[in-house]
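Subject: Structure handover

Hello,

Here is the structure for you to look over. My notes follow below it.

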Amino acid sequence: MVDHIGAVFFSVDCVLMQGRNLSRHVEERLGLRADPDPAHWAGVSEKALRAELEDLALLPGVQETTDWCWRSGLVPVASSLGWAPIAAHLAERFGFHSYAGRPLETRAGRFTGRAGTPHKDLDQRAFAARRAGELGVPLTACAAVGACPDDGPLLDAVGVGIAFNAPGDVRALASTAVEGDDLRTVIPALEGLTARVQ
């Protein structure tokens, strides 16, 4: 028996740090160049990455929002166009069901500087469609929370696209816009989705 009615895709890179891209911020803190080339990760330890991530001041209300999603039958998913190890840490820390991101190969606890497998260009829309299919729910029963211009296809692909503290061009692509300094401010918009799909 399916115990969920939909899913929520959270664009973690764009939403969890007010006005900053999370992956780029982490790269800067590690002294790395912020670009999509995995080579600059060579030699960085997984332990160092975890320490940086655990020390980050993220948007309040993330854990409470994922908890609310689970209680309400909406599977929370971390969507990222950044690096998969960052999204994986957030999924473990805050209870996201799963995550997407650019994979990085590791060996003996350090990143090798090579892309991990499977290596392919990220497409948030395709990821959302695949994950919704695996969960047995249509995209119309899903929501997305985003803030970056790259989140446009994701916001457009689902039943409820929520632009969170987003600029005007992103708001124009979403079905609703929310402003706030705590992720829980998106819950009323998600309640509208649960009322519609139950």
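Start in the sheet: valine 8 has alanine 143 in β5 as its bridge partner. A note on the basis first. This is a predicted model, where local features need pLDDT of at least 70, side-chain atom pairs count only at pLDDT 80 or more, and totals for chains, interfaces and linings use all residues. Residues are numbered from 1 along each chain as its sequence is written, and side-chain values use heavy atoms, with hydrogens and water left out. Helices (H or I, at least four residues) and strands (E, at least two) are DSSP runs, numbered from the N terminus.

The sheet

Five strands form an open sheet: the 5 strands run in the order β2-β1-β5-β6-β7, with parallel pairing. Two strands pair if DSSP finds at least two bridges between them. β2 (74-79) and β7 (176-178) are the edge strands, each with a single partner, so one side of each has no neighbour in the sheet. On average, neighbouring strands are turned by 20 degrees against each other, direction ignored.

β1 (residues 6-11) and β5 are parallel and joined by 4 bridges. β1 also pairs with β2 in the parallel sense, over 6 bridges. There, phenylalanine 10 stands opposite alanine 78 in β2. Glycine 146 faces alanine 163 in β6.

β5 (residues 142-146) has 5 of its 5 residues buried, so the rest of the structure largely encloses it. Buried means under 20% relative accessible area (1.4 Å probe, protein chains only). Cys142, Ala144 and Gly146 point one way, Ala143 and Val145 the other.

Helix α5

α5 is mostly covered, with 8 of its 11 residues buried. Among them are Ile86, His89, Leu90 and Phe94. The cover includes α1 (12-15), α2 (22-29), α3, α4 (62-71), β3 (104-107) and β4 (110-115). Glycine 95 follows α5 and has a positive phi, near 85 degrees.

How do α3 and α5 cross? The axes of α3 (residues 46-54) and α5 (residues 84-94) come within 11 Å and cross at roughly 55 degrees. Axes are lines fitted to C-alpha atoms, for helices over the stretch in contact, and angles run from 0 to 180 degrees between N-to-C directions. In contact (heavy atoms within 4.5 Å), Leu49, Arg50, Leu53 and Glu54 of α3 meet Pro85, Ile86, His89, Glu92 and Arg93 of α5.

Best wishes

Notes. Buried means under 20% relative accessible area, exposed over 50%, partly exposed in between (1.4 Å probe, protein chains only).
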